[in-house]
Amino acid sequence: MKPPRLQKGNKIAIVSPASAVAAYVPRRLARGIATLEKMGFEVVLMPNATAVHSHTAGTIGERLQDLHMAFADPSIKAIISTIGGFNSHQLLDELDYELIRNNPKIFVGYSDITALFAGIYQQTGLTTFVGPALLTQFGQFDGLDPYTEESFKRTFMQTEHRRNGRTRSYAGTSRTTEDENIK
């Protein structure tokens with residue numbers, strides 16, 4: 001199952017399901033949010049995204065609360081993690097997979113967050129995306145790398161992309177490589 005694609009003006013939720021790094025780098029967090037806003041999105045920093053509990057971004061309950069709130073909110077169209085880290089696997093047994101299945105959204109991150117992606121895909125069939133995190137890509141001091149920005153837009157906003165004479169569809173569309181010009 002593919003989530004619907006993004007459009008300018010959509011809301012993107014920021015979550016920290018693993019590491020508490022976001023709590024320690026407020027300027028980088030603000031830069032990441034500002035970058036997404038400049039790209040035309042409304043950004044929602046979830047209540048516990050900057051929480052700290054030992055070495056994680058809040059307790060298991062707090063991290064689950066943010067994910068569940070983001071998936072349950074129909075106005076939120078995408079979820080981006082602040083960073084990877086460790087211990088996102090702690091959420092797997094308590095994730096509300098029915099909620100996620102019934103509210104498919106783009107969910108982007110990498111590193112430790114891939115544990116969540118594997119569980120979500122296995123339990124719901126929702127396609128998730130290994131991609132840029134808020135702090136490490138969107139929050140870079142010298143701005144978002146142009147290649148990353150173009151890839152983000154192409155993957156999550158465009159319905160089709162032509163490359164080498166072939167049409168490829170992205171998030172929220174059916175995937176095809178057929179092209180009437182290919183003989």
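Helices here are DSSP runs of H or I with at least four residues, and strands are runs of E with at least two, numbered from the N terminus. The model discussed is predicted.

User: Is Asn 87 buried or exposed?
Analyst: Buried means under 20% relative accessible area. The relative accessibility of Asn 87 is 15%, so Asn 87 counts as buried.

User: What is the phi of Ser 111?
Analyst: Most residues other than glycine have a negative phi. Ser 111 is in the loop between strand 4 (106-109) and helix 5 (114-124). Ser 111 is a residue other than glycine, yet its phi is positive, near 65°.

User: Which residues touch the most other members of the largest nonpolar core?
Analyst: This core holds 23 residues. Among the elements that give two or more residues to this core are strand 1 (11-15), helix 2 (26-38) and strand 3. The residues that touch the most other members are Leu 6, Leu 36 and Ile 80.

User: Which residues of a second, separate core can be named, and how many residues does that core have?
Analyst: The second core is separate and includes Val 15, Leu 64, Tyr 97 and Ile 113. One of these, Val 15, is touched by Ile 80, and Ile 80 belongs to the largest nonpolar core. The number of residues in the second core is 21.

How values were computed: Residues are numbered from 1 along each chain as its sequence is written. This is a predicted model: local features need pLDDT of at least 70, side-chain atom pairs count only at pLDDT 80 or more; totals for chains, interfaces and linings use all residues. Side-chain values use heavy atoms; hydrogens and water are left out. Buried means under 20% relative accessible area, exposed over 50%, partly exposed in between (1.4 Å probe, protein chains only). A nonpolar core is a set of buried Ala, Val, Leu, Ile, Met, Phe, Trp, Tyr and Cys residues joined through side-chain atoms within 4.5 Å. Contact means heavy atoms within 4.5 Å. Lists of a residue's contacts leave out its neighbours within four places in sequence.
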